[in-house]
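Thank you all for coming. I would like to walk through one model this morning, starting with its secondary structure and then turning to its core and its aromatic rings.

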Amino acid sequence: MAHGLRPEGLGFVEAAPVRLVFAREVSASPERVFHALADDVPGWAVWFPAVTAARPVDGGAGREIRLRGGTRFRETVLAAKEPEVYAYRVDVTNAPGARALVEEWRLAPAEAGTRVQWTFAADGTAAFRAMLRLARAGMGRTFRDAVTRLDRRLTTPS
C-alpha cells in the first residue's frame with residue numbers, strides 16, 4: 001500500500017538518520033552525466049539495473065520510478081543545477097517503514113572525467129533503518145554497476 005512521506009528538503013541529505021554515500025569516477029564529462037540523470041529519466045531503466053521503469057511527471061518537476069521487486073516511488077525534483085547536482089525526494093512509496101527519503105547526485109570534474117557521488121538519505125521505522133544499514137554493501141555494488149553501465153552508455157560511439 002502506498003503512503004506519503006515527510007516532505008524533506010536538501011538539508012536532509014546531511015541530517016538524515018541514515019546516510020549511505022557512494023562515489024566513483026567515470027570517464028564521461030559532468031555535463032553528459034548530468035544530462036543522463038536529469039534529462040533522460042526513461043534512460044535510467046537502461047543503465048540502472050534496479051530500475052525497471054522511469055518517467056518524468058509534472059512537466060519534469062517530478063518522476064515516477066519502479067524498481068525490481070515492485071517498489072514504487074513518486075518523487076519531486078529538489079535540485080537540477082547543471083552540471084553539479086541532481087536531487088529528488090520521495091513523496092509517495094509502497095516501501096514499508098519509510099518516513100522520509102532524499103537522494104542526491106553530486107558531480108565534480110575529475111582527472112579522468114567525472115566524480116559521481118550518490119547520497120541516499122533516509123528516515124523510517126527502526127526496522128527500516130536497520131534494513132538500510134544492512135543493505136549498504138549491496139546498494140554500493142548496485143551503484144558501482146549502474147555508474148559503470150552509464151559511463152559505457154555515454155562514452156561508447158553509437
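When I speak of helices and strands, I mean DSSP runs numbered from the N terminus, with helices being H or I of at least four residues and strands being E of at least two. Please keep in mind that this is a predicted model, in which local features need pLDDT of at least 70 and side-chain atom pairs count only at pLDDT 80 or more, while totals for chains, interfaces and linings use all residues. Residues are numbered from 1 along each chain as its sequence is written, and side-chain values use heavy atoms, with hydrogens and water left out.

Let me begin with Val-46, which is placed in helix α3, residues 44-47. Val-46 counts as partly exposed because its relative accessibility is 45%, where buried means under 20% relative accessible area, exposed over 50%, and partly exposed in between, with a 1.4 Å probe and protein chains only. Not counting residues up to four places away in sequence, Val-46 touches Arg-149 and Arg-153, contact meaning heavy atoms within 4.5 Å. Between the C-alpha atoms of Val-46 and Arg-153 there are 9.1 Å, although the two are 107 residues apart along the chain.

Now to the interior. A nonpolar core is a set of buried Ala, Val, Leu, Ile, Met, Phe, Trp, Tyr and Cys residues joined through side-chain atoms within 4.5 Å. The largest one has 40 residues, of which Val-33, Trp-44, Tyr-86 and Trp-105 touch the most other members. Helix α5, residues 136-155, supplies the largest share of this core, 6 residues. Apart from it lies another core of 6 residues, including Phe-12 and Ala-121.

What about the aromatic rings? Rings of Phe, Tyr and Trp (its six-membered ring) pair if their centres lie within 6.5 Å, with planes under 30 degrees apart counted as stacked, over 60 as edge-to-face and the rest as tilted. By this rule there are 16 aromatic pairs. Phe-34 and Tyr-86 are edge-to-face, because their ring centres are 6.4 Å apart and their planes stand at 85°. This pair links distant parts of the chain, Phe-34 in helix α2 (residues 30-38) and Tyr-86 in strand β6 (residues 85-93), 52 residues apart. Trp-44 and Phe-48, by contrast, are stacked, at 6.1 Å centre to centre and 20° between the planes.

Finally, the charged end of Arg-63 sits over the ring of Trp-44, 4.4 Å from its centre, the criterion being CZ of Arg, or NZ of Lys, within 6 Å of the ring centre and within 35 degrees of the ring normal.
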